[in-house]
Amino acid sequence: MEILFQTWPWYVSGFLIGIVMLSLIYFGKTFGMSSNLSTLCSMTGLGKKVSFFDFDWKAQRWNLLVVLGAMLGGFVAVHFMSDASNAAINPKTIEQLAQLGIDAPNGKLLPDALFANDIFQSPKKILILLIGGILIGFGTRYASGCTSGHAIYGLSSLQIPSLKAVIGFFIGGLIMAHFILPLIF
């Protein structure tokens, strides 16, 4: 049981993700978390008003179980199987975050400056969350999928549009981290 409670090496986790992707390809399924939002909207009957959501959502029920499993697995891992103090963060990263006023997690999974409940008392941080959510939603729809769909499923099935999307995700992330984040904080 000791091995379950440790951080797994990348090659073990990557191999397991690869097995899941091969299984999905074998059974003719496509993977992506953002497609579940469309499925949920279709379930509510929104397809009667918006043609994008007019599809047979029952064919995607299996993917809703993936989301449920991811949430349940994340809950179990965080509350029963993990030790956040073993997260190795580069000291230079901690120093750069401190310059922006973002605290080091210090044994927690997330820094309070970004994820504590008091962020909802700041109009600036609420606006940042709102604009960020809109941009993520727009980008996901514009790219025809989210990071997990493109980076995990799209690349494993050798799709060129997914390669382009993943390159764009990395470039956007670098621009955000090095140029925009310092302006926001």
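Visitor: Is Lys58 buried, partly exposed or exposed, and why?
Guide: Lys58 counts as partly exposed, because its relative accessibility is 46% and that class lies between the 20% and 50% cut-offs. Bear in mind that this is a predicted model.

Visitor: Where is Lys58 in the fold?
Guide: Lys58 sits in the loop that runs between α2 (35–43) and α3 (61–81).

Visitor: Left-handed or right-handed crossing?
Guide: Left-handed, for α2 passing α3.

Visitor: Which residues meet there?
Guide: From α2 the residues are Ser35, Asn36, Thr39, Leu40 and Met43, and from α3 they are Asn63, Leu64 and Val67. By class, this contact of α2 with α3 has four nonpolar and four polar residues, and no charged ones.

Visitor: Changing topic. How confident is the prediction?
Guide: The mean pLDDT of the protein chain is 85, and 95% of its residues reach 70 or more.

Visitor: Which elements have the lowest and highest mean pLDDT?
Guide: Helix α5 (residues 112–115) has the lowest, at 77, and helix α8 (residues 160–184) has the highest, at 90.

Visitor: Let's go to His150 then. Which helix is it in?
Guide: His150 belongs to helix α7, residues 147–156.

Visitor: Buried or exposed, and why?
Guide: His150 counts as buried, because its relative accessibility is 7% and the cut-off for buried is under 20%.

Visitor: What does His150 touch?
Guide: Leaving out residues up to four places away in sequence, His150 touches Ala143, Ser144, Gly145, Leu155, Pro161, Ser162, Ala165, Val166 and Phe169.

Visitor: How do α7 and α8 cross?
Guide: Their axes come within 9 Å and cross at roughly 135°. That makes α7 and α8 oblique to each other, and their crossing is left-handed. On the α7 side the contact is made by Thr147, His150, Ala151, Gly154 and Leu155, and on the α8 side by Pro161, Ser162, Leu163, Ala165, Val166 and Phe169. Sorted by class, the contact of α7 with α8 has seven nonpolar residues, four polar and no charged.

Visitor: Back to Ser144 from the His150 list. What is its phi?
Guide: Ser144 has a positive phi of about 60°, although it is not a glycine. Most residues other than glycine have a negative phi.

Visitor: Where is Ser144, and is it buried or exposed?
Guide: Ser144 is in the loop between α6 (123–142) and α7. With a relative accessible area of 60%, Ser144 is exposed, as the cut-off for that class is over 50%.

Visitor: And what is the phi of Leu158?
Guide: Leu158, also a residue other than glycine, has a positive phi near 60°. Leu158 lies in the loop between α7 and α8.

Visitor: Is Leu158 buried or exposed?
Guide: Leu158 is exposed, because its relative accessible area is 74%.

Note on methods. Residues numbered from 1 in each chain as written. Predicted model: local features only at pLDDT ≥ 70, side-chain atom pairs only at ≥ 80, totals over all residues. Heavy atoms only, no water. pLDDT = per-residue confidence, 0-100. Helix = DSSP H or I, 4+ residues; strand = E, 2+ residues; numbered from the N terminus. Buried < 20%, exposed > 50% of the residue type's maximum accessible area, 1.4 Å probe, protein only. Left-handed = near helix turned anticlockwise from the far one by under 90°. Contact = heavy atoms within 4.5 Å. Nonpolar A, V, L, I, M, F, W, Y, C, P; charged D, E, K, R; others polar. Axes fitted to C-alpha atoms, helices over the stretch in contact; angles between N-to-C directions. Parallel < 35°, antiparallel > 145°, perpendicular 65-115°, else oblique.
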